[in-house]
Structures are given as C-alpha cells and as structure tokens.
Amino acid sequence: MEPTLSVGYRYFVNRAIYTFSSPQRGDIIVFKTNGSDDAALHISRVIGLPGETVQIVDGEILIDGEVYEDTGDYPEIVSGGLADSSVTLESGEYFVLGDNRNNSEDSRYGDIGNIKKKYIVGKIWFTISPLSEIGFVDN
C-alpha cells in the first residue's frame, strides 16, 4: 500500500465499523482471502462495490463503463490481470487495488480475487507508530 501506508509503521484497525455499515469506495481495508483463522491479512483500497462491473483498459479503471478518477497520485496500471475483461461483483463482494498499483497483490489476481464482506476484518483507521506519524489515516 505504499506510498499511502509505510512498511514498518503500526496501525489501528477499526474492526467494528462494518458491523452496521458497508465499505465505501476509497476505504483502506484489512481482509483475509478466506475464512481460515490462519489466513494471511492483506491491506488494499476498495475500488468496486457490490453490483458494479470493473474493468481495466489501457491503464484506466472503468466502473460500469465510466472512467474512475482516482483521488490519489497512483501510477498508471500496467497489467489489468483478471480485470482486463470485465469483472462483475456479486452482492457482498468488493474489488480492491493496492496503491502501489504495479506491485500489489489485489483483486486483479486469482489468488485474491473479489473480496467477500464476511472476510473483511476492518478499516485502517489510525497510525500509532512511529511517533512522528501518529494520527488518523486519510482514506
């Protein structure tokens, strides 16, 4: 998730936020790829919401055929992976991308794929370390 989140920093995760709400586009979430307690945790940004169709064409993200304007300064996407052809999200599924778009394991790849809400652990909320960076995470 560099440059947004830095390796070695420590973050609080709001685990209760999605109990009564759903992830929104732009949220930085922590998720598992499956229901196993031993599954690794991943961090990515929500791009596609349930019911939407996501496709990556010529480095641009299309949501329901419209160009999605990223709010951050992210590199142009070189490989669309599974999203080279359109990916339609079912109810309770999300399409996520890492902010380091060309060096990220995210929904473009089969081992991650679409994220089911039940596997979302929470939302990155607050930086706790290093002391010079303490504060709320802008997402």
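Begin by selecting Ser104, which in this predicted model is placed in the loop between β8 (93-97) and β9 (115-116). With a relative accessible area of 17%, Ser104 is buried, because the cut-off for that class is under 20%. Show its side chain next, and follow it to the backbone nitrogen of Gly98, which it reaches at 3.3 Å; then turn to Asp106, whose side chain is joined to that of Ser104 by a polar contact of 3.3 Å. If the neighbours within four places in sequence are set aside, the residues in contact with Ser104 are Gly98 and Tyr109.

Now move to the sheet by selecting β6, β5, β4 and β7, four strands that in this order form an open sheet with antiparallel pairing. At its edges stand β6 (66-67) and β7 (87-88), each of which has a single partner strand, so that one side of each is left without a neighbour in the sheet.

The last stop is the largest pocket, which holds about 330 Å³ of space. Select Met1, Glu2, Val7, His42 and Ile43, which among its 14 lining residues lie nearest the centre of the pocket. Then colour strand β3 (residues 41-48), which with four residues contributes the largest share of the lining. Colouring the lining by residue class separates six nonpolar, six polar and two charged residues.

Key. Residues numbered from 1 in each chain as written. Predicted model: local features only at pLDDT ≥ 70, side-chain atom pairs only at ≥ 80, totals over all residues. Heavy atoms only, no water. Helix = DSSP H or I, 4+ residues; strand = E, 2+ residues; numbered from the N terminus. Buried < 20%, exposed > 50% of the residue type's maximum accessible area, 1.4 Å probe, protein only. Polar contact = N/O pair within 3.5 Å; in protein donor to acceptor, adjacent residues only side chain to side chain. Contact = heavy atoms within 4.5 Å. 1 Å grid on protein atoms, 1.4 Å probe; cavity = no way out; pocket = protein on both sides within 12 Å on 5 of 7 lines; lining within 4 Å. Points joined across faces, edges and corners; volume = space filled by probe spheres on them. Nonpolar A, V, L, I, M, F, W, Y, C, P; charged D, E, K, R; others polar. Pairing = 2+ DSSP bridges.
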